[in-house]
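Work through the exercises below with the sequence and the structure open. Each task is followed by a solution in steps.

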Amino acid sequence: MNAARPHGAFSRIAALARKESKQIWRDPSSAVIVLFLPLFLLFLFGYGISLDAASVRIGIVIEEREPDAESLANAYLTAPDFAARIYESQALAEVALQANRLRGFLVIPSDFSQRLRARGSGPAQIYIITDGSQPNTAEIVANYSQGVLGAWTTQFARDQGLSAEPALTIEPRFWFNEDLRTRYNLVPGSIALVMTIIGTLLTALVMAREWERGTLEAVFATPVTSLELLASKLIPYFLLALATMAACVLAAVFLFGVPFRGSFLAILALTAAFLAPALGQGLLISSAAKNQFVASQLALFSGFLPAMLLSGFMFEIDSMPAPIQAITTIVPARYFVSGLQTVFLAGDVWSVLLPAIAKMLGLGAVMLFFAWRLTPKRIA
Amino acid sequence: MWARILSLITKELLALLRDPRGRMVLIAPPLIQLFVFTFAATLEVRNVDIAIVNLDQGRWGRELVSRIDAAPTFDEVISLASIGEIAPAIDSRRVLAAIEIPQDFSREIEAGRPARAQIILDGRRANASQILFGYVNRIVGAVGAEARPRPLLTEGIVRHWFNPNLIYRWFMVPALVAIISMLTGIVVTTLSVARERELGTFDQLLVSPLTPLEIMIGKIAPGFLIGAAQGTLFIGLAVFVFAIPLSGSLPLLYVAMVFFLAAVLGVGLFISSISSTQQQAIIGAFAFIAPAIMLSGFGAPIENMPGWLQVFTLINPLRHFLVVVHGVFLKDMPALEILANTYPLVIIAAVTLPAAAWMFRARTQ
């Protein structure tokens, strides 16, 4: 009897897992979930999110018709980062800014060329007005505008026979992503997001559905323990998620041209480790919610949104206030994002990957433990 | 007819709110998210660690190091002895960047030749690296101006309108008003029909005296009421807790919100009608929510997207509503401009609601 127990447990898990897999497979939406949705999302992230600003719409208001002012305006009109056009008056540019047709505008005042030519009257000033309601773009408009002004001024000084070379310069070199393609960072990051959706959202609904339909009571009448029940729910979704991951990695490399410098082993270990907390969180939610509406809301708010906003994918974690940084340490996607970015762009840097894997497994153990505690083998 | 619709709406609201967990989930998580995300979202780069290899014995190398040391951006400035130590520090994400000051740095400056330093940045965090490089470049420029002072010929004076200090919260909170009311509204609506179908109670509704149109209105109303209530709560918090200026017309904001929710809930009901299980409905809702957020201008500006995708964003209700929310909150947008951004919402609603009604009818017969 005792010798037969482990065998019994395994065959029960296998039978239940088979039942769960069939249920997933029979549902026509499963293909959508495993392949279509992840690739669709990856596609959106790959093309939809680009922080490489190009053709920012700005306006130029020239208050004097002098050659210097015209020459500066021309520098803005031909700058590759701007789609600039001349506005007849500042009032017109202001209206366009308010109506979102412009991200900013420049004013070259009527004393510009006079101050530029007359030494000792201080620098010739121009005004750079931005739409601060979009802080990110406002910053870019200000920086680009200063850059164009700086380049134009250097050229002007050179033409005047003044020395223009700066005393010292600092040259940037961006490792792992020399041309600074944001897609290289965003695609691995969005894989983490997609896997959160697959891992957490789907499993969140599984147990909740059984509670809602009352089918768990039938399972309670069998010799299956709650641990076996959870294992049987996890295994099919684990395999499903691995398939999704494979599709995502292939798409990242062959569709988006993201370099893959790490090893197969590293990414497999990372993914498997991430799925522990992701699936665990889903099961925890569904055991706690017992209702698919509540479960889906909880999965959205505790899974998807933190993975997007608290994982370092969109915002730098180091820059967040300390209490929020503390919250990010329990967001599994945080470790997955940094791990994936490393495996894709830098290679197998185990000093990053091993701690990430360990933390994800730790979080997974905690979540699975609570999921197990919340799945009583009895009818309340 | 109205009495029937009203009782159906009451029943739907009760189904949602009777469960204490259901009530809690509509209030607590959105509030927590509002506070957490608002403070999490910052574009500044602060508290990062940086490494410096200073091979220069002279004055200017020391000067640059002490300026970097004093900058508030950096948490820890780590001094490395050799260039070989840079790679491990960057690879392991110990530092975001490493500055290399060459041996002849001061000598070149004293000789009047341009001196060059190098900064190595972690391209895995491309955005933060770029911002950090901007900061360092400014410090280097200041040291350079001291090393070789020369009169400034031109100066660009920057003024950020509508948000002078570029407080990111002012952008984030109004955007969350739109996004979170959309999230709740759509999940409530998407699950409404799918749940009844899954539990088999939908047939009971169909044999009741309610017409399909009445059922449809009854199914949309709770999402609308809850979405609008959440939107109102968040507008209140934005103004009274986050002290974000509400400069424009509140009534016009509500006009736009009505059409926004109508457009979004039309999509929700459509998804609900074609799904036979709640799981399918949730996946469907997700397939709408994710692109709606990504292609709205919230995460990245629309003008950065490829042209064909920019055209596609025109059918995204969130894109238009975000313009209105930001316009009304921060920009004191004129009524005409608000209406110009509301009419696409009217058109989208005029497509999604009849499409949902058609699909609903087709699936209930």
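Helices (H or I, at least four residues) and strands (E, at least two) are DSSP runs, numbered from the N terminus. The model is a predicted one.

**Exercise 1.** Describe how chain B meets chain A.

Solution. 
- Step 1. Count the residues: 115 of chain B are in contact with 119 of chain A.
- Step 2. Take the area: about 10200 Å² is buried between the two chains, and carbon and sulfur atoms give 65% of this.
- Step 3. B:Arg124, B:Leu153 and B:Gln279 supply 8% of the area that chain B buries against chain A, more than any other three residues.

**Exercise 2.** Characterise the packing of α11(A) against α7(B).

Solution. 
- Step 1. Two packed helices are described by the angle between their axes and the distance between the axes.
- Step 2. Helix α11 (residues 292–309) of chain A and helix α7 (residues 168–199) of chain B have axes that come within 10 Å and cross at roughly 145°. The crossing of α11(A) and α7(B) is right-handed.
- Step 3. On the α11(A) side the contact includes A:Phe293, A:Leu300, A:Phe301 and A:Leu305. On the α7(B) side, B:Ile180, B:Val187, B:Leu191 and B:Arg195 are among the residues involved.
- Step 4. Sorted by class, this contact has 11 nonpolar, four polar and two charged residues.

**Exercise 3.** What span should the 17 residues of helix α11 (residues 278–294) of chain B have, and is α11(B) enclosed or open?

Solution. 
- Step 1. At 1.5 Å a residue, α11(B) should span 24 Å.
- Step 2. Of the 17 residues of α11(B), 16 are buried, so the helix is largely enclosed by the rest of the structure.

**Exercise 4.** Compare the surroundings of B:Val143 and A:Ile86.

Solution. 
- Step 1. B:Val143 lies in helix α6 (residues 126–147) of chain B, while A:Ile86 is in strand β2 (residues 82–87) of chain A.
- Step 2. B:Val143 has 0% relative accessibility and so counts as buried. A:Ile86 is partly exposed, with a relative accessible area of 30%.
- Step 3. Setting aside residues up to four places away in sequence, B:Val143 touches A:Leu168, B:Trp60, B:Glu63, B:Leu64 and B:Arg67. With neighbours within four places left out, A:Ile86 is in contact with A:Ile60, A:Ile62, A:Ala73 and A:Leu77.
- Step 4. B:Val143 and B:Leu64 are 79 residues apart in sequence, and their C-alpha atoms are 6.7 Å apart. The C-alpha atoms of A:Ile86 and A:Pro259, 173 residues apart along the chain, are separated by 42 Å.

Terms used
Residues are numbered from 1 along each chain as its sequence is written. Chains are lettered from A and ligands numbered from 1 in the order in which they are written. This is a predicted model: local features need pLDDT of at least 70, side-chain atom pairs count only at pLDDT 80 or more; totals for chains, interfaces and linings use all residues. Side-chain values use heavy atoms; hydrogens and water are left out. Axes are lines fitted to C-alpha atoms, for helices over the stretch in contact, and angles run from 0 to 180 degrees between N-to-C directions. A crossing is left-handed if the near helix is turned anticlockwise from the far one by less than a right angle, and right-handed if clockwise. Contact means heavy atoms within 4.5 Å. Ala, Val, Leu, Ile, Met, Phe, Trp, Tyr, Cys and Pro count as nonpolar, Asp, Glu, Lys and Arg as charged, and the others, Gly among them, as polar. The expected span of a helix is 1.5 Å times one less than its number of residues. Buried means under 20% relative accessible area, exposed over 50%, partly exposed in between (1.4 Å probe, protein chains only). Buried area is the accessible area (1.4 Å probe) that two parts lose on being put together, summed over both.
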